[in-house]
Amino acid sequence: MNVESGDVGVTSARRVENEIRKAIITMEIPPGAPLSEQDIAARLNVSRQPVREAFISLARSGLVEIQPRRGTFVVKISLERMLEARFIRESLETAVVRRACERFDARVRTRIDFYLDAQTVAAEAGAHYEFQRADELFHAALAEGAGCPSAWTVIDDIKAHMDRVCHLTLPSATALPRLIGQHRAIIEAVDARDADRAEAALKVHLSEILKALPTVQASHRDLFI
């Protein structure tokens, strides 16, 4: 973990939260692991106050649990929470892509090709976190281009429960190119103003986690509740 000092406009607590969230999602800090306020403050070269604030925020998101007199722990992956997050995400993003087919900001559209190229580069390098980050930027741009960026803000707050499972599926040699192809199918449907095709492509994309779930659970039983 490494807090970047150049994040203009972002509080120290928010930067710390982002770093801890990243470490949890990538399994650098595995489910069930204890979190030490003092150790993280020293590791990130910050005071304990922003770490304490980050823990509180992550607890609200359901990623950590603060147990009085015992400490703070990374919550194990909950199948129920993950499926709920997926349901909410699909419901919101379905509305987003349908609206994107009605109108889409041309300035945002130019960025989407950049994000798809970034995913391709990350896939070829086996850089899984960078791949996930470009994935997030693609979906955020869909919402922004459709004129409803707040929809992604809501999704981003809950999808961490999906992200940990997604991270466990990414090492597959075939998974990354397939996901990029699904992104291209979504944006091609948006470009064609074909709302039904865009919605269908999105649902195919978001169903990937359901197909991978049985294998992930069988291989990583200790990570799930």
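Contact here means heavy atoms within 4.5 Å. By that criterion, glutamate 17 touches Ala54, Ser57 and Leu58, with residues up to four places away in sequence not counted. The model is a predicted one: local features need pLDDT of at least 70, side-chain atom pairs count only at pLDDT 80 or more, and totals for chains, interfaces and linings use all residues. Residues are numbered from 1 along each chain as its sequence is written, and side-chain values use heavy atoms, with hydrogens and water left out.

Glutamate 17 belongs to helix α1, residues 12–25. Helices (H or I, at least four residues) and strands (E, at least two) are DSSP runs, numbered from the N terminus. Glutamate 17 has a relative accessible area of 5% and is therefore buried. Buried stands for under 20% relative accessible area, exposed for over 50%, and partly exposed for values in between (1.4 Å probe, protein chains only).

Helix packing was examined next. Two packed helices are described by the angle between their axes and the distance between the axes. Axes are lines fitted to C-alpha atoms, for helices over the stretch in contact, and angles run from 0 to 180 degrees between N-to-C directions. Angles under 35 degrees count as roughly parallel, over 145 as roughly antiparallel, 65 to 115 as roughly perpendicular and the rest as oblique.

Helix α4 (residues 79–102) and helix α6 (residues 128–145) have axes that come within 9 Å and cross at roughly 55°. The α4 helix is therefore oblique to α6. From α4, Arg89, Glu93, Val96 and Val97 take part; they meet Asp135, His139, Leu142 and Ala143 of α6. By class, this contact of α4 with α6 has four nonpolar residues, one polar and three charged. For these classes, Ala, Val, Leu, Ile, Met, Phe, Trp, Tyr, Cys and Pro count as nonpolar, Asp, Glu, Lys and Arg as charged, and the others, Gly among them, as polar.

The axes of helix α5 (residues 106–125) and α9 come within 10 Å, crossing at roughly 170°. Helices α5 and α9 are therefore roughly antiparallel to each other. On the α5 side the contact involves Arg109, Ile112, Leu116, Asp117, Gln119, Thr120 and Ala123; on the α9 side, Leu176, Ile180, His183, Arg184, Ile187 and Asp191. Six nonpolar, three polar and four charged residues make up the contact of α5 with α9.

Helix α8 (residues 160–169) and helix α11 (residues 208–219) cross at roughly 75°, their axes coming within 10 Å. Helix α8 is therefore roughly perpendicular to α11. Met162, Val165, Cys166, Leu168 and Thr169 of α8 form the contact with Ile209, Ala212, Leu213 and Val216 of α11. The contact of α8 with α11 has eight nonpolar residues, one polar and no charged.

Lysine 159 sits in the loop between α7 (149–158) and α8. Its relative accessible area is 2%, so lysine 159 is buried. The side chains of lysine 159 and aspartate 163 are joined by a polar contact of 2.8 Å. A polar contact is a pair of N or O atoms within 3.5 Å; within protein, one must be able to donate a hydrogen and the other to accept it, and residues adjacent in sequence count only if both atoms are side-chain atoms. Lysine 159 also touches Arg89, Glu136 and Trp152, leaving aside residues up to four places away in sequence.

Backbone torsions were considered in two loops. Most residues other than glycine have a negative phi, and most peptide bonds are trans. Methionine 27 is not a glycine, yet has a positive phi of about 70°. It lies in the loop between α1 and β1 (34–35). Methionine 27 is buried, at a relative accessible area of 18%. Arginine 193, likewise not a glycine, has a positive phi of about 60°. This arginine 193 is found in the loop between α9 (175–191) and α10 (195–206). With 42% relative accessibility, arginine 193 counts as partly exposed. Arginine 193 touches Ala100, Cys101, Glu102 and Phe104, not counting residues up to four places away in sequence. The C-alpha atoms of arginine 193 and proline 34 are separated by 49 Å, the two residues being 159 residues apart along the chain.

The cysteines complete the survey. A disulfide is a pair of cysteine sulfur atoms within 2.5 Å. The count by this rule is zero disulfides. The sulfur of cysteine 101 is 12 Å from the closest cysteine sulfur, that of cysteine 148, which is too far for a bond. Cysteine 101 is buried, with 6% relative accessible area. Cysteine 166 counts as partly exposed, at 24% relative accessibility.
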